[in-house]
Amino acid sequence: MSSRLAGTAVLALLLACSTGQIGPDRESAGGPDGPPAVDPLIAIQSGARRLSQAELDNTLRDLVGEDTAPAARLLNEDEFRPFDNDYTIQQASAALITSLEALAEEVAARAVADGARRAALVPCTPSSAADEACFRQFLESYLPRAFRRPVTGEDIDAYVPLLAYASEDNPAVDNDFYTAVELAVAATIQDPELLYRIERGTPGDTPGLVELDEYEIANRMSYLLWASMPDDQLFAAAGAGSLQSPQGRRAEALRMLDDPKARTQLHRFHAMWLGYRSIPHSPDLVAAFNRETSALIDRVILDEPGSYLRLFTMDETFVDDSLADHYGLPHPADGEGWVSYEGTGRAGILGHGSLLAAFSKFEDTSPTQRGILVRTRLMCEEVPRPPPTVDTDQPPQGAMDALCKYERYAEHRDQSSSCAACHSLVDPIGFGLENYDIAGRYREHDDGLPECVIDGSGEIVNVGSFAGPAELSQLLVDNGYADSCAVRQFLAFALGRPTTSYEAALVEEIIEAFRAGQHDFKAFVVDFIASERFARRVEERL
Amino acid sequence: MAMKLNRRVVLRGMAGAAVSLPLLECMLPPKRSSAQAAPARYAILFAGQALGGDNYPKNQSRVAGQNITEGGHFVADTSYGRGFALTTPLLPLQGMENDFSMFSNLAIPFNASSADGAAVPPAGAYRDFHGGGSSPLLSGTRSTSPEYVCNGITSDQVIAELNAGQTTHKSLVVRAQPAFYVSGYSFAGRQYISYGPGGGRSARIEAQASPEVAYRSLFSGFVPDDGEDAARFDFALRKRRSVLDLVLEKRAKLVSSVGRADQERLERHFDEIRDLENRLSAIPPIASEGCAVPPDPGADPPIGGDHDGGGSASVTPGSGYSDEHARARIFADLIHMAFVCDLTRAASLQITAFQSHMNARPIADGLGTLPGTTRPSRWASVGGDLHEVGHNGDPDNRGQIPSAGLLQWHISHYAYLMDKLRNTPEGDGSVLDNSMLVFTPEAGHGLQLNDASSQNQTHSVENMVVLLAGRAGGFNPGEHINGNRAHPATVLIRAMQAAGYQGNSLGEVSL
């Protein structure tokens, strides 16, 4: 029995309708808010983006072999809106700078303490602590990777004085050549050119328009597809000038999508978008859910390119024996594999435990929260925030001591109350998923209450009726929500901010292109990168 | 080995290094004659919880499945003046009754007939908890939306501005709860209790949530006694400064190469690096004999996982907890020594975030049996997260006693800091004698802000309580004072004045 039911007698005062929203999650956007200087169809407005915790950790992994995810440990938690990379709310602070200094020292010390990692960084054997030639060789190979651009002699010269620490005759310290290497690494990790993606480019023909240089394009590609820095091959492509052409970008993007880092990034994108990035279940169950959902994402985007809409309509799912038992599905052949959804009412990602666990509340599924999830994340609609006079921390109580959940939500449906107008937008969607519990298992009745048989029918008002994930998915697909909203979410992720009203035509054009391409997501991403506007930016207006 | 700051050693240690002359000047401690008073310090500690549980009057609880009627658990009893009763939440302050005062029955005004942002009275709360309460509580300035943002400077930063340039760190802003913990959501402003001049989003001050980094930031500048150690220290400090200088040297070129919006972002970043560089260049002055580098707290406790923000069944052991207990204790240690060494004179410690979803169970379990009652220890095993405990998230443990226990835990950190300052001699008294320590929970317990009709609610800006400890500016603690619905900011103003503030207002509240 839900703990909320126990002791309801004490709750003499019924708390009025509540959407169950946790509270204001959205701060009004900073960043671009006026009309941009250039038509968004030609080029998109952008600003310097600081790497998120995940991006910084990935970058340090690829740059110096750091594998302890120090940014997740030492930097303050990123805000997810729903993506971790919204640069319009980033603001440097003393806490950030002191944390970065500690992080940089720690990472640099580890990078030179380990023989293999040190050898990967320094391409020569120093003849002495003060071996300037070797130090310069190190800087020539390291700095372009750290700053993700070619460096000048001036850039390199700036670091050479660090050699004084390597050669200082100081009996108190164990300094050697690698002391200077360590300091150079620590300095770059605190450098805005590593921490931010700063795009300067060259001014275009229109005021405010900037043509990105090859390396800036390479960075855009690698942080979009990998959440990390470019690899040697991408740097080489940039160096050869091939990223300036749509064909060159296309070729590199296709190669990059074959890298496991691209899979991880696609998984991350979907988990943030659909809210299942940190679902509250046991680690084993979460891992099984993640394998299931990742397998579907990989299949519909990369392994069997074709319509991305199969993400929502796939009639089978990837499970192992224990997850099959969890769902009540037949065991797969060979212990792990795809099994049919036939006769289950499930389809695609909405049938997965990962998604069904997202947006739960009050220890149970929340029809309101699930409705909000569908409206905001899958239909890309705004759900009005609850009126301030409503306490969203309380589950709806409905009629005094109503036993069954459906009855407790009665007030949300009461047309004479002020609640119905908004709740009719969301609750009926959630009730259509009520047969699926907080862990994605099928159930006939409310948890522990056989007398509360779940009807399981739902409705997207003015769109259509459904029961269960498969029918809901079909409604979203057939009515053009699934594809258009996926594009909008992808754009917010790619741009590092939600699109603005000034970009409506741009969004429509990209949605149409996705449709015209038969919803091939891989091709869509590659086209996005190959497009002219990917190689440009527009300066923000202040 | 405790490393005491010793000017002679500092100078000797630095002498061998290539140190420029201006640095030597800033190394000299400010001249203070023995007759001069020690500086006044100000700290505010914040608890992201209310004073009771929803729908449970102050003497009602449910413990281990049993309903209990028993007084003494609501923080503010009705005995006023000196010698007032120590209620359950105040028990950690036993023995320090004369070192703090409690101001109770405080209230923030709101418009009961309108939920319009424009209708909020001066210094009032927008009628949407939680966000609506933060600005009036901490900045004395009205909120006009449900957002978590203070619309004016907060009290700790008033004192920081007052002492600007006097200490190495303008203020020490730290937070013990490092993560929001609710699956799919973020802090979204709940993690700020300190705002600089003018308030608003751009003035919010990001708290340092890593004790490890905070320790380093405060104490890595101390010079060891031992000659060899001092030489190593000197080498390390020069390295750090060279590294920061390398980054700062790029400033002009980089900033001038980007557009205006990016210039603002990068300037802010470089400003903070420059400030760090300045802090490294400054040598902590000698404040008293008690100034010593505290023990290194080591690596931070791991950050706990997320849960669904619910009650006892969903907030499982292992989620929603990053050893906030240890983190808060370390931060209290750091504030203590930062005050003793005069590294800063203003501090804020957000023990738990607004609307805190920290797992309450490890906290409650850590409290053990409830002293002073005959009740079984089961009371302590309250389930759910901190926020849900107030909303009756645990069917067996609800109402006043579980809330009082968790408030007691928050106050234990306050008491810990108080006690340390009290036991650190300074001049003829203690550091506490030259400090003002404020403790404020997020909410009171009374009329529901949202609906303006339900009683005994946690989402309330009525029946609020603020604790004030210390004797800076001649403040004379030791009383329970009935605030008679005064604004809580009036207590902050008194504390600020005791800490040297010459004005008589905070935001829209005046004495």
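**View 1. Where chain A meets chain B.** In this predicted model, 68 residues of chain A are in contact with 79 residues of chain B. Which helices of chain A each supply at least two residues of the side that touches chain B? They are α2 (70–74), α3 (94–113), α6 (153–159), α8 (177–189) and α9 (192–195). The biggest giver is α3(A), with eight residues. Sort the residues on this side of chain A by type and you get 37 nonpolar, 16 polar and 15 charged.

**View 2. The largest nonpolar core.** This core has 192 residues, and B:Ile335 and B:Val438 touch the most other members. Have a look at B:Val438: leaving aside its neighbours within four places in sequence, it is in contact with B:Ala43, B:Ile44, B:Leu45, B:Val466, B:Leu468, B:Leu492 and B:Ala495. In soluble globular proteins, nonpolar side chains tend to be buried together.

**View 3. Helix α14 of chain A and its cover.** Follow this helix along residues 283–303 and pick out the buried ones: A:Ala288, A:Phe289, A:Glu292, A:Thr293, A:Leu296, A:Ile297, A:Val300 and A:Ile301. What covers the buried residues of α14(A)? The cover includes the helices α13 (260–273), α15 (310–313), α16 (321–327), α17 (353–357) and α25 (521–530) of chain A, plus the strand β5 (316–320) of that chain.

**View 4. An open sheet in chain B.** Three strands line up here in the order β3-β2-β8, with antiparallel pairing. At the edges sit β3 (66–69) and β8 (398–399) of chain B, each pairing on one side only. Strand β2 (residues 60–63) of chain B pairs with β8(B) over two bridges. To find your place, look for B:Ser61, which stands opposite B:Gly399 in β8(B).

**View 5. An open sheet in chain A.** This one also has three strands, in the order β3-β4-β9, and the pairing is antiparallel. Its edge strands are β3 (202–203) and β9 (536–538) of chain A. Two bridges join β3(A) to β4 (residues 209–211) of chain A, and A:Thr202 stands opposite A:Glu211 in β4(A). Strands of a sheet pair through backbone hydrogen bonds, either parallel or antiparallel.

Definitions and conventions: Residues numbered from 1 in each chain as written. Chains lettered and ligands numbered in written order. Predicted model: local features only at pLDDT ≥ 70, side-chain atom pairs only at ≥ 80, totals over all residues. Contact = placed C-beta atoms within 7 Å. Helix = DSSP H or I, 4+ residues; strand = E, 2+ residues; numbered from the N terminus. Nonpolar A, V, L, I, M, F, W, Y, C, P; charged D, E, K, R; others polar. Core = buried A, V, L, I, M, F, W, Y, C linked by C-beta atoms within 7 Å. Buried ≥ 20, exposed ≤ 12 C-beta atoms within 10 Å, placed from the backbone. Pairing = 2+ DSSP bridges.
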